[in-house]
Structures are given as C-alpha cells and as structure tokens.
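Please read it with the structure open.

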Amino acid sequence: MGRPDMLGLFAVLALVAGCAGTTAAKELDPPHSWREMATSADRERIRDWRGAWTTALAQVDASGQSARLAALGPLMLPDSAQPGPALPPGDYSCNVYKLGAKDANAADFTRSPSFTCRVTREKDMLSFAKLDGSQKPVGFLFPADETRMIFLGTMMLGDERRPLDYGRDPERDMAGALERVGPNRWRLVLPFPRWESTLDVVELVPKG
C-alpha cells in the first residue's frame, strides 16, 4: 500500500496528468520531506546516484559512444548541477537519454523523440508529469539542497488514466534528482531505473 499522505498527493497528480481525481484531495497538506515518503529501496537508489553515473558512463564508453555524450555538454556531466534547481511551472520540451543497457543486445546509449512534460505547482510543491507516449512518469519534486530537488513518482503505462499510488508496486516506483544545468535547462536524473537502463536522464527545456 502507498503511504497515506502520498495517496492524497497522487489523487491530486491525477488531475495534473489530465485524469480523474477528487476535490477533497486538493485540501490535504503535502509532506515536506522526501525521506518521510521514500521507500527504503528508493532511498538507496538516491544515495547511490554517483555509482549509477559511474557504471552508466563506463558502459557508454565501452560501446564507443562517448563522443555523443560529450556533445551534450553539462547535461551528461555528473557534477554539473548549478544552484537554484526549482523550475517554473509550465510546459517543457523533454527528451529521455538512456545510458547503459541492462540487456546485452540493447544499445548502451539511446535518445527518445521529443515529448511534452508539464510542471505544476500544488500548494507549495511542484509536480512533474510526462503528457504523452506509452511510458509516462508522474510524481512530485521535494526540496533537498541548493542544487537538487528529489523526485518520487510512478510510471503510467499505455492508456492508464491515473497513476498508481507511490509505494504500491516497486516495479513502477521512480526516484531521482532534478538539477539545473544551464540558464534554461534542467535534467531529471533517475539512477538504476527498474527497466532497460542503468541511468535515465530526462532533459527539460521550457517551451516557447
């Protein structure tokens, strides 16, 4: 079962993603510490973020694709986060980069087509939702330190109309860090995702 406070948060998030929700859920006071909400598995993933970077970059290097990473500049440098990670609410043009394949027959570096993601303010918190595609991460961004916000969320699949409660299905739970890497450029770094890759990097650039 998901934690009680997160049940309410994800009911609100269903509205953000254009799904059904409840008015009462909007009145809940959201938690302020990501550590209160994160599962033990997700706390471990976040703690080992550098290990994910190290392993993923080594896999990309071994496959001879390091030049593709270098061309992306600070987006692919582990220590490039700048102060002030909170990003303005609105729609963003996003790309997902997958580093390090879990399947020996898969590519160690892939880039998704561009898609739209949305950042919305819910009381004093920010939510994130990917709006299209067959895999749609949705979740909340918690304050962490001067260079990072922590993302906790779940993966919506196919034509699902609302997200699962966080903590209900470990295979769907997502955890990572949002960082600013330029004046109008952010990344959502997801270490050791459950599927496909060693590290996912979601690039966010404001639309318009």
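**Salt bridges, backbone and pocket**

Glu 203 and Arg 185 form a salt bridge, with 2.9 Å between the closest N and O atoms. That pair links distant parts of the chain, since Glu 203 lies in strand E9 and Arg 185 in strand E8, 18 residues apart. Glu 203 is buried, at 10% relative accessibility. The model is predicted, and it holds nine salt bridges.

- The link spans distant parts of the chain: Lys 98 sits in strand E1, while Glu 196 sits in the loop between strand E8 (185–191) and strand E9 (197–206), 98 residues apart.
- Are the two partners buried or exposed? Lys 98 is buried because its relative accessible area of 19% falls under the 20% limit.
- Glu 196, in contrast, has a relative accessible area of 43% and is partly exposed.

**The Asp 91–Arg 118 pair**

- The side chains of Asp 91 and Arg 118 meet in a salt bridge, with an N to O distance of 2.7 Å.
- Asp 91 belongs to strand E1 (residues 90–101) and Arg 118 to strand E3 (residues 115–122), so this contact ties together parts that are 27 residues apart in sequence.
- Both residues are partly exposed, Asp 91 with a relative accessible area of 32% and Arg 118 at 31% relative accessibility.
- As background, side chains of opposite charge can pair when their charged atoms come close.

- Most residues other than glycine have a negative phi.
- Phe 192 is placed in the loop between E8 and E9, and is partly exposed with a relative accessible area of 28%.
- Glu 196 also has a positive phi, about 75 degrees, although it is not a glycine.

**The largest pocket**

- The largest pocket has a volume of about 420 Å³.
- Its lining is made up of 28 residues, and those nearest the centre are Val 96, Lys 98, Gln 135, Met 155 and Asp 200.
- Which elements give two or more residues to the lining? They are E1, strand E2 (109–111), strand E5 (135–143), strand E7 (173–182) and E9.
- E7 gives the most to this lining, with three residues.
- By class, the lining has 11 nonpolar, six polar and 11 charged residues.
- Lys 98, which lies among the residues nearest the pocket centre, is buried with a relative accessible area of 19%.

Key
Residues numbered from 1 in each chain as written. Predicted model: local features only at pLDDT ≥ 70, side-chain atom pairs only at ≥ 80, totals over all residues. Heavy atoms only, no water. Salt bridge = Lys/Arg side-chain N within 4 Å of Asp/Glu carboxyl O. Helix = DSSP H or I, 4+ residues; strand = E, 2+ residues; numbered from the N terminus. Buried < 20%, exposed > 50% of the residue type's maximum accessible area, 1.4 Å probe, protein only. 1 Å grid on protein atoms, 1.4 Å probe; cavity = no way out; pocket = protein on both sides within 12 Å on 5 of 7 lines; lining within 4 Å. Points joined across faces, edges and corners; volume = space filled by probe spheres on them. Nonpolar A, V, L, I, M, F, W, Y, C, P; charged D, E, K, R; others polar.
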